[in-house]
Amino acid sequence: MLSEREHERYKRQIMLFGDEGQERLKKAHIFIAGAGGLGSPISIYLAVAGVGTITFVDRDTVDQSNLNRQILHTDRDIGKKKTVSALAKLREYNPDITVNAIDTTITADNIHELVGQVDGIVDAMDNYPVRYLLNRVALEKKIPFFHGAISGFYGQATTIIPGRTPCLECLFKKSPPDEITPVIGVTAGVIGTVQATEVVKYLVGQGDLLAGRLFIWDGLLAKSEEIAIVQNPACPACGSRASSIPPMEKS
Amino acid sequence: MSVKVRFFARFRELLGTDIFAEPANDTPIALLVAGIARKNPDGYDAIFDEHGTFREFVIVMQNGKRVETADAATVMVADGDEIAIFPPVAGG
């Protein structure tokens, strides 16, 4: 049941999906991998929307060079663990939800336990090895996986529903080269909020998800496009001969 | 015949987009795209490896349908085709 306080807090969105939708958000538990550029808008918007439990993982410390995009963290947080900084902000944004912060590196060994039983896994990572691990665990546990990635003014997002859509390895068989990419905060804002929108839609059961579609954003042209994606029958992660053992290197 | 080639994101910055080409019959996708990309060495290097084949992470689409990078050297373009070349990004 929603309290009077919650009714008031979420009044403007209850107009969209009713008490029932808000209850669904409240009962939900979302796992966010990363509290950086994408993790900031994703976690803030899911917190203020009233997602009942948010667990996020990050291993890093706030650096001055993070602050152009990682809006969970401010100047006074430089030197603090991102988990500490982010936890404080999210609790301030919404004291009515539960936020769990885990300060660790996601590896093939700990990912199953870290993710646990959640209603959605959100990709806010900056590298493909960990994205592939998240994809594998999402497939294995049959949990929706909300992918996003950015570089410069460009970004991409898609929603993976295990058993229904192609997976991340169908789409990206080979990861793009690892490099320190230039990035502007607004791009993280665009893609992170697309991902958060997908999570909310999935939880309340409204709209059409980015299922089987890769949303691509070109901020310089102010144009979005989409690419239809299809399942790869030979996909090592979700194809008919998929193995359950993630072959990815630990990171 | 007339074929439209669309480069996205960083590839667009390096090579432009919505390029109309008039390839001969039986031109494979890779050959057509390489011919266009050669006008900018940085653009070419971003898309093709030292053997002149598509880098594996590049997404190649023919009329909205994915073409495996390994097959792009043998899949022919047809009149009216739209070829899209997209670089996935990695940051977060």
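A residue counts as buried if 20 or more other C-beta atoms lie within 10 Å of its own. That cut-off is used in several of the legends below. The model shown is predicted.

**View 1. Helix α4 of chain A and its buried residues.**
Helix α4 covers residues 82–93 of chain A. Its buried residues are K82(A), T83(A), S85(A), A86(A), L87(A) and L90(A). What covers them? The cover includes α3 (39–49), β2 and β3 of chain A. Helix α4 lies across β2 and β3 of chain A, and runs at about 175° to β3(A). At 1.5 Å a residue, its twelve residues should span 16 Å; the end C-alpha atoms are 16 Å apart, so the two values agree. An α-helix has 3.6 residues a turn, so residues three or four places apart point the same way.

**View 2. The open sheet of chain A.**
Eight strands make up this sheet. Their order is β3-β2-β1-β4-β5-β6-β7-β8 (chain A), and the pairing is mixed. Which strands stand at the edges? They are β3 (98–102) and β8 (223–228) of chain A. Each has a single partner strand, so one side of each has no neighbour in the sheet. From one strand to the next, the twist averages 15°.

**View 3. Strands β1 and β2 of chain A, side by side.**
Strand β1 holds residues 29–33 of chain A, and strand β2 holds residues 53–57 of chain A. The two run parallel and are joined by five bridges. I30(A) stands opposite I54(A) in β2(A). A33(A) has V57(A) in β2(A) as its bridge partner. Is β1(A) enclosed or open? Four of its five residues are buried, so β1(A) is largely enclosed by the rest of the structure. In a regular strand the side chains alternate between the two faces of the sheet.

Helix α6 takes in residues 128–141 of chain A. It lies across four strands of chain A: β1, β4 (120–123), β5 (145–151) and β6 (154–160). Helix α6 runs at about 165° to β4(A). K142(A) sits in the loop between α6 and β5 of chain A. Most residues other than glycine have a negative phi. K142(A) counts as exposed because it has 10 C-beta neighbours inside 10 Å.

**View 4. The contact between chains A and B.**
How many residues does each chain give to the contact? Chain A gives 28 residues and chain B gives 16 residues. On the chain A side, the elements that give two or more residues are β5, β6, β7 (213–218) and β8 of chain A. By class, this side of chain A has 14 nonpolar, nine polar and five charged residues. The predictor gives the complex an ipTM of 0.86 and a pTM of 0.93.

**View 5. The open sheet of chain B.**
Chain B averages a pLDDT of 94, and 100% of its residues score at least 70. Five strands form an open sheet here, in the order β2-β1-β5-β3-β4 (chain B). The pairing is mixed. Strands β2 and β4 (65–67) of chain B stand at the edges. Each has a single partner strand, so one side of each is left without a neighbour in the sheet. The twist averages 30° from one strand to the next. Strand β3 (residues 59–62) and strand β5 (residues 82–86) of chain B pair in the antiparallel sense, over four bridges. V60(B) stands opposite I85(B) in β5(B).

**View 6. I29(B) and its contacts.**
I29(B) belongs to helix α2 (residues 29–37) of chain B. Is I29(B) buried or exposed? With 26 C-beta neighbours inside 10 Å, I29(B) counts as buried. Leaving out residues up to four places away in sequence, I29(B) touches V60(B), Q62(B), V67(B), A72(B), V75(B), V77(B) and I83(B). I29(B) and Q62(B) are 33 residues apart in sequence. In space they are 8.6 Å apart, C-alpha to C-alpha.

**View 7. D18(B) in its loop.**
D18(B) is in the loop between α1 (9–15) and β2 (19–21) of chain B. D18(B) has a positive phi of about 50°, although it is not a glycine. D18(B) counts as exposed, because it has 10 C-beta neighbours inside 10 Å.

Notes. Residues numbered from 1 in each chain as written. Chains lettered and ligands numbered in written order. Predicted model: local features only at pLDDT ≥ 70, side-chain atom pairs only at ≥ 80, totals over all residues. Pairing = 2+ DSSP bridges. Axes fitted to C-alpha atoms, helices over the stretch in contact; angles between N-to-C directions. Contact = placed C-beta atoms within 7 Å. Nonpolar A, V, L, I, M, F, W, Y, C, P; charged D, E, K, R; others polar. pLDDT = per-residue confidence, 0-100. Buried ≥ 20, exposed ≤ 12 C-beta atoms within 10 Å, placed from the backbone. Expected span 1.5 Å × (residues − 1).
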